[in-house]
Amino acid sequence: MEATKKKLILLVDDEQDIREVLAIALTDIGYDVLEAANGKQALKIFKEESPTIVLTDIKMPGIDGIEILKKIKQKNPETEVIMITGHGDIDIAIKSLKYEAIDFITKPISSDALEIALKRANEKIVTRNQLKQYTENLEDLLRQKSMLRDNLSSLGVMIGSISHGIKGLLTNLDGGVYLMESGFGKKDEQLIDEGFDILKLTIDRIKKMIFDILYYSKEREIKIKKINLLKFASDIADILEQKALSHGIKIVREFDNAPSKFFADPEHIRSALINILDNAVDACIEDKGEKDHKIIFTLKQDEKYNIFEIHDNGIGMDQKTREKIFNLFFSSKHNKGTGFGLFISKNIIQQHGGIINLKSAKGKGTCIQVKLPITDYENR
Ligand SMILES: Nc1ncnc2c1ncn2[C@@H]1O[C@H](COP(=O)(O)OP(=O)(O)O)[C@@H](O)[C@H]1O
Ligand SMILES: [Mg+2]
């Protein structure tokens, strides 16, 4: 129980005899007693030890009891201060109540008066602590409620976009079936083939979409590991090198300023970076201009972040596209894309406390920058 726990009390009186007697009485009823002979000492001890209760004489040379009371209440309003007054000091005693002293007792101090004042101080402390706990519980409940609401609304957005995506796919399936049916009716092999192609493409896209949904819907906890960054980044570049080279696109690795150590969840960051690099390759393939296409993959570091940059000179994006690329299901690649890549990548990066930035101009190219905060681990 709160009241029986050993409490720290600061006793302030310039008269040594009174301090001694009071200290014995207080120790007897279970307090740990700190003593101060004047105001200056009292404030110093208060600062160092933060006692829950202060018992102070009012009349003292130098800093007096009222001054101590004011200073203590200023520093920590939750400290309860009991004033000790002499006979005839009733005016000052009442003044002290104005400054939030919990009680005052008069000299010569009776043990009853002392115990009543202490009881009152303790009750106030207990009540305050209870109140604090109720408030904290309430705040907790409110936080949970708003989290729940956020989850529900993002679920709503997700279901909305999935339905939208599926609707598009159904239209494609209908179209394919229609072509095939009329192809069979007219014995037109070309129509049948066209319909069949549409069906195959759509089925591929459904497959891809389902995989992506499964990937996204798993509540994946991140597992931070130490990563050898040079190898990690080289592996990622290797994965896309084949696809790039087969379209005459060069992937340039600028790893000279790579940080030596790097901590993140390797699986997640890998899939985010692969997504971004894959988009860069697609953007170059899509660009039918005459330029030599290349993708520059840069690793660097500033004071706060490990930085990854993927820069391509592919088709680039207009403003409308730039605004939508992180949306779930936004894709400009028709049957080839799902619109999941950047949505998931952004989630992963944010889960790491990181930021993803975009710079892009239509016809010129795109730069995607991923900044992951340097963690405590890095400095060890
Ligand atoms: N490097 C890039 N250059 C041009 N457009 C890009 C680039 N990266 C992403 N985009 C645009 O953002 C869209 C969404 O990308 P993403 O979420 O990965 O989906 P997906 O690749 O399946 O289309 C792409 O369809 C494309 O329009
Ligand atoms: Mg993509």
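Which helix gives the most to the shell around ligand 1?

**Entry 1: ground rules.** I am working from a predicted model, in which local features need pLDDT of at least 70, side-chain atom pairs count only at pLDDT 80 or more, and totals for chains, interfaces and linings use all residues. Residues are numbered from 1 along each chain as its sequence is written, while chains are lettered from A and ligands numbered from 1 in the order in which they are written.

**Entry 2: ligand 1.** I looked up the shell and found that helix 8 gives the most, with four residues. Helices here are DSSP runs (H or I, at least four residues) and strands likewise (E, at least two), numbered from the N terminus. Of the 23 residues around ligand 1, those that come nearest are Asn279, Ala283, Ser331, Gly337 and Gly341; a residue is near if its C-beta atom, placed from the backbone, lies within 6 Å. Helix 8 and helix 10 are the elements that give two or more residues to this shell. I sorted the shell by class and got nine nonpolar, twelve polar and two charged residues. Ala, Val, Leu, Ile, Met, Phe, Trp, Tyr, Cys and Pro count as nonpolar, Asp, Glu, Lys and Arg as charged, and the others, Gly among them, as polar.

**Entry 3: helix 10.** Next I checked helix 10, residues 341–351, for buried positions and noted Gly341, Leu342, Phe343, Ser345, Ile348 and Ile349. Buried means that 20 or more other C-beta atoms lie within 10 Å of the residue's own. Their cover includes helix 8 (266–286), strand 11 and strand 12. Gly353 follows helix 10 and has a positive phi, near 75°.

Entry 4: I traced an open sheet of five strands, in the order 7-9-10-12-11 with mixed pairing. Strand 7 (250–254) and strand 11 (355–361) each have a single partner strand, so one side of each has no neighbour in the sheet. Two strands pair if DSSP finds at least two bridges between them. Strand 11 and strand 12 (residues 365–373) run antiparallel and are joined by seven bridges. I picked out one of them: Leu358 has Ile368 in strand 12 as its bridge partner.

**Entry 5: helix 7 against helix 8.** I then took helix 7 (residues 229–245), whose axis comes within 10 Å of that of helix 8 and crosses it at roughly 35°. Axes are lines fitted to C-alpha atoms, for helices over the stretch in contact, and angles run from 0 to 180 degrees between N-to-C directions. The residues of this contact divide into ten nonpolar, no polar and three charged.

Note on methods:
A residue is buried if 20 or more other C-beta atoms lie within 10 Å of its own, exposed if 12 or fewer, and partly exposed in between; C-beta atoms are placed from the backbone. Two residues are in contact if their C-beta atoms, placed from the backbone, lie within 7 Å.
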